Amino acid sequence: MNEPLFFKPVFKDRIWGGTALRSFGYEIPSETTGECWAFSAHPHGQSMVKNGALTGKNLEELWENHRELFGNMEGDRFPLLTKILDANQDLSVQVHPNDDYAKVHENGELGKTECWYIIDCKDGAEIIFGHHARTKEELASMIAENRWDELLNKVPVKKGDFFFVPSGTIHAIGEGIIILETQQNSDTTYRVYDYDRRDAEGNTRELHIEQSINVTTVPHQLAATSPSVEQQGDIEITSFVECDYFTVEKWALDGKVTREQEQAFLLCSVIEGEGSLRKNGEEFAFQKGDHFLLPNKFGAFELKGKAELIVSYI
């Protein structure tokens, strides 16, 4: 395979969504579009190839029928899911299970460890990241008594921040934040608290208190990351996290550089600017909002332009 595979995202309407995803060049389906599923092989939304010989194939089909594109990796499903989220309002306070819990209680679903890159945010924006309960009993008590200000840990954020969010971490994205999320291929979320918010029909959303208490890590363990930065000619590579589920980097391109694709695959999301990828004399333009996959044994290629990309791989 000598060409990158560009993917058409799937969009999700959310009670907390807005219109900020239009800034990526997307034609969003509603005024409350909360999520762009950029690379997804999940049954709840499949992203689809939009160029070349594999046009019209979704990511799950590629995983099932063209495993050579992924270095013949083992596994019953594609491992990652990449999203861009527009938090026009606060997201619910939530927590995700690990693989073992999800396998038993969620019909074989994967757990959900994830990470966030803050693409943009309003002044004074905050996330909820962790909690202050010292025991499971205290956690249950604080939830039952609605002691949210005492329980939840709030963290101010700014553009360019990065957070690693392992399963078991209580968290919420705050109003006015746009993030790129790299996560396990899972759609399992346990809501702890939703601000007593009601939908258009006047209904509150389901909470999952028992499950949340079961899977929350107590006491909270800060998953600190120490990004490393390396300048390689006209590209600056920031390595944010390397864990059992994914490695995530930011590529800041300003000029021209030759690189080698040596991983099983690379997922590349353009979050700013524009440029081109050149291989074997053929050039592929990209711009903010594009998402392309570089398959196994893609080899050497040239990048040119001024752009920022979030890149993930296993």
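Glu-61 sits in helix 1, which spans residues 59-65. This is a predicted model, and in it Glu-61 comes out as partly exposed, with a relative accessible area of 30%.

**Around Glu-61**

- Set aside the neighbours within four places in sequence, and Glu-61 is in contact with Gly-56 and His-66.
- Met-48 lies 13 residues from Glu-61 along the chain, and the C-alpha atoms of these two residues are separated by 9.4 Å.

**Strand 9 and its partners**

- Strand 9 runs from residue 114 to 121 and is mostly covered, with seven of its eight residues buried.
- Which strands does strand 9 pair with? One is strand 14 (residues 177-184), in the antiparallel sense over seven bridges; another is strand 12 (residues 162-165), also antiparallel, over four bridges.
- Tyr-117 is a handy residue to look at here: its bridge partner in strand 14 is Leu-180, while its bridge partner in strand 12 is Phe-162.

- Strand 16 (residues 228-232) and strand 17 (residues 235-242) run antiparallel and are joined by five bridges.
- Pick out Gln-231 and you'll find its bridge partner in strand 17 is Glu-236.
- The hairpin made by strand 16 and strand 17 has two residues between the strands, and Gly-233 in this hairpin takes a positive phi near 65°.

**Aromatic rings**

- How many aromatic pairs are there? The count comes to 18.
- Take Phe-6 and Phe-292: their rings form a tilted pair, 5.2 Å centre to centre with 45° between the planes.
- That pair links distant parts of the chain, since Phe-6 belongs to strand 1 (residues 5-8) and Phe-292 to strand 21 (residues 291-294), 286 residues apart.
- Are Phe-6 and Phe-292 buried or exposed? Both Phe-6 and Phe-292 are buried.
- Elsewhere, Trp-63, Phe-70, Phe-78 and Phe-265 come together as one aromatic cluster.

**Charges over rings**

- Lys-12 has its charged end over the ring of Trp-37, 4.7 Å from the ring centre.
- Lys-279 does likewise with Phe-298, its charged end sitting over the ring at 5.0 Å from the centre.

**Helix 3 and its two faces**

- Helix 3 covers residues 136-144, and its buried residues are Glu-138, Leu-139, Met-142 and Ile-143.
- Why do these residues share a side of helix 3? They cover an arc of only 130° around the axis, so they end up on the same side.
- What covers the buried residues of helix 3? The cover includes helix 4 (148-151), strand 15 (190-193) and helix 5 (209-215).
- Just after helix 3 comes Asn-146, which takes a positive phi of about 55°.

Technical notes
Residues numbered from 1 in each chain as written. Predicted model: local features only at pLDDT ≥ 70, side-chain atom pairs only at ≥ 80, totals over all residues. Heavy atoms only, no water. Buried < 20%, exposed > 50% of the residue type's maximum accessible area, 1.4 Å probe, protein only. Pairing = 2+ DSSP bridges. Phe/Tyr/Trp six-rings, centres within 6.5 Å; stacked < 30°, edge-to-face > 60°. Lys NZ or Arg CZ within 6 Å of the ring centre and 35° of its normal. Arc of directions from axis to C-beta. Contact = heavy atoms within 4.5 Å.
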